[in-house]
Amino acid sequence: MAEDMHDVAAARLLEAGRSLVAALDLEVVLERLLETARELTGARYAAIGVLDERRQALERFLTSGIDAANHAAIGDLPRGRGILGVLIEDPRPLVLADVGAHPRSYGFPHGHPPMRTFLGVPIVIRGEAWGNLYLTEKAGGEFGEADVEAITVLADWAAIAIDHAHLYRRSVERSEELERAIEGLEATTAISRALGAETDLGRVLELVVKRGRALVRARVVVLLLADGGRLVAADGAGQIGDAARTASLPVAGTVAGAVLESGRPERIDDVAARFAAADEALGVPGAETALLVPLRSRGRSLGVLCAFDRMDDEPGFGDREEELLLLFAQSAATAVSTARSVEAERLRLSLRSAEQERSRWARELHDETLQGLAALRVLLQSGLKVGGGALEEAARTAAEQVTTEIANLRALITELRPAALDQLGLAAALDGLAQRSREVDGLEVEVKVDVDGETLDPDLRTAVYRLVQEALTNAGRHARAQRVEVRIARVGEGLEVLVADDGRGFDAAAPTEGFGLAGMRERAALMGGTLELGSSAAGTTVRALLPELGTGP
Ligand SMILES: Nc1ncnc2c1ncn2[C@@H]1O[C@H](COP(=O)(O)OP(=O)(O)OP(=O)(O)O)[C@@H](O)[C@H]1O
Ligand SMILES: [Mg+2]
């Protein structure tokens with residue numbers, strides 16, 4: 001019979017332990033501990049005292065069995081002096097038949113329910129006292145050996161459960177932190193990835209406003225870039241009015257200007273109240289809340305990213321949005337400044353290649369036309385000296401020479417400004433180039449244009465013309481080729497420009513003196529494309545791939 005009782009108690013204890021450990025929330029664990037301890041011992045009241053960090057006093061005191069009215073009557077909860085202090089100093093089970101009779105007892109405060117029998121056990125987590133479990137007023141007698149045993153085991157279970165709950169909370173906090181970090185990182189990575197693929201400033205700006213808007217779920221995002229003493233709208237996303245799209249506001253005296261100059265973000269809960277008159281230029285109709293973050297790159301303020309109103313009635317912009325948008329703005333700033341320098345570099349390259357072209361024409365004018373004119377002068381001078389029939393002969397020859405030089409000059413002028421391209425279209429202009437190669441260099445030239453030149457962007461058309469022109473000139477001048485094939489075709493999203501000769505080839509990897517090949521590469525790069533050069537003893541192939549961005553229907 002006693003054995004049975006013991007088994008039942010053990011089973012209850014196991015059950016209690018399992019239920020404690022199953023709870024991951026600290027408050028639930030403590031509540032269950034109080035209830036179970038009372039149930040297992042038949043105590044009327046149970047309490048848990050949680051030690052403070054120095055383990056000298058109680059930081060919390062939770063009770064069970066005492067109702068709210070009693071609680072109010074007792075007033076302040078014990079801090080851990082008196083009998084409770086005995087357990088704090090000496091964390092071992094303590095059984096008393098009459099608490100009030102103990103020498104350390106201060107007695108109970110007024111309004112405290114009468115308590116005589118007492119059982120206290122420490123809760124020790126990883127070898128350190130965490131708190132105590134107290135039970136009082138056992139029904140029908142004093143706390144015995146079995147109670148001490150059961151409560152000691154329960155306290156051990158509780159220690160494990162509390163430890164788990166702590167760990168769990170910490171890991172939840174950590175994973176939330178991690179999630180936020182990851183979210184920010186993803187946005188940053190996305191911008192960096194976009195940056196890697198995108199050097200076109202316009203596209204970068206568009207990405208910044210669109211991604212930024214999605215990141216903080218804003219109704220409207222406007223990107224302002226510093227320009228002189230002003231902030232000028234560079235792009236916007238969301239339900240944005242024309243005013244905001246073309247906004248230009250002074251740095252001085254505006255909220256955005258303050259963000260630009262201080263480099264610190266600004267959160268606004270009442271746009272109408274906070275925005276100064278000068279800010280009105282950035283008018284986003286009906287905006288209530290705003291979050292403005294600076295775009296800074298290498299210590300320089302480039303602009304301000306302004307987000308207005310959250311979507312779907314979410315509350316205004318909080319710490320989290322501010323943190324995310326700031327993080328995002330950092331990579332956005334880098335992307336913008338990189339795209340800007342790429343743009344500057346492109347401009348530099350295109351100026352350089354224009355310069356090189358000009359010097360090439362100068363050289364040709366010198367070597368061909370000037371030589372021809374000089375020869376003409378010699379001819380006319382000697383004719384004048386001799387006079388008579390010789391003069392007539394010289395004049396006739398001179399007329400012929402002048403005709404040739406006029407043709408030469410016309411050809412040069414055509415090359416300087418391919419008027420034919422505008423007037424006749426791409427295919428006819430390329431045929432003109434081919435005709436010249438046939439006549440001047442004696443090449444067999446086949447031209448195949450599989451695109452409608454009129455649908456192409458004018459810059460792209462010029463690039464195609466210049467590439468073919470240089471490749472044909474090279475084939476005529478260096479290749480000793482018989483045949484040249486020119487092909488323009490659409491491949492995927494772009495255009496393929498191919499010029500292949502059957503000449504002697506050259507070492508395409510070796511550095512060259514000329515401008516032609518370098519100019520072709522620059523031109524292809526300028527259009528966002530690539531240029532491949534293949535050369536062998538069987539001939540040379542120049543192949544350019546030029547994307548057709550921003551054109552077509
Ligand atoms: N199709 C080709 N066949 C054989 N050699 C070539 C061909 N194209 C270029 N080359 C070689 O590569 C060199 C560099 O060409 P590039 O066009 O850059 O300069 P260039 O023609 O010499 O001078 P520029 O084009 O400035 O008038 C040429 O001098 C020539 O040796
Ligand atoms: Mg050349």
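**Ligand 1 and the magnesium site**

A backbone N or O atom of Gly516 lies 3.2 Å from an oxygen atom of ligand 1, a polar contact (a pair of N or O atoms within 3.5 Å). Taken alone, ligand 1 exposes 590 Å², and the protein buries 86% of that area (Shrake-Rupley method, 1.4 Å probe). This is a predicted model: local features need pLDDT of at least 70, side-chain atom pairs count only at pLDDT 80 or more, and totals for chains, interfaces and linings use all residues. Side-chain values use heavy atoms, with hydrogens and water left out.

**Shell around ligand 1**
- The shell holds 16 residues, each with a heavy atom within 4 Å of the ligand.
- Asn474, His478, Asp501, Phe515 and Leu517 are the closest.
- By class, four are nonpolar, seven polar and five charged; Gly counts as polar here.
- Helices H10 (319-386), H14 (458-479) and H15 (516-526) each supply at least two shell residues; helices are DSSP runs (H or I, at least four residues).
- H14 gives the most, with five residues.

**Side-chain contacts to ligand 1**
- An N or O atom in the side chain of Asn474 is 2.8 Å from an oxygen atom of the ligand.
- For the side chain of His478, the corresponding distance is 2.7 Å.

**Magnesium ion (ligand 2)**
- Glu470 (OE) and Asn474 (OD1) coordinate the ion at 2.0 to 2.1 Å.
- Donors are N, O and S atoms within 2.8 Å of the metal (3.2 Å for Na, K and Ca); water is not among the atoms, so sites may look incomplete.
- Glu470 and Asn474 are four residues apart in H14, so about one helical turn separates them.
- Glu470 is buried, with a relative accessible area of 7%; buried means under 20%.
- Asn474 is also buried, at 17%.

Technical notes: Residues numbered from 1 in each chain as written. Chains lettered and ligands numbered in written order. Polar contact = N/O pair within 3.5 Å; in protein donor to acceptor, adjacent residues only side chain to side chain. Buried < 20%, exposed > 50% of the residue type's maximum accessible area, 1.4 Å probe, protein only.
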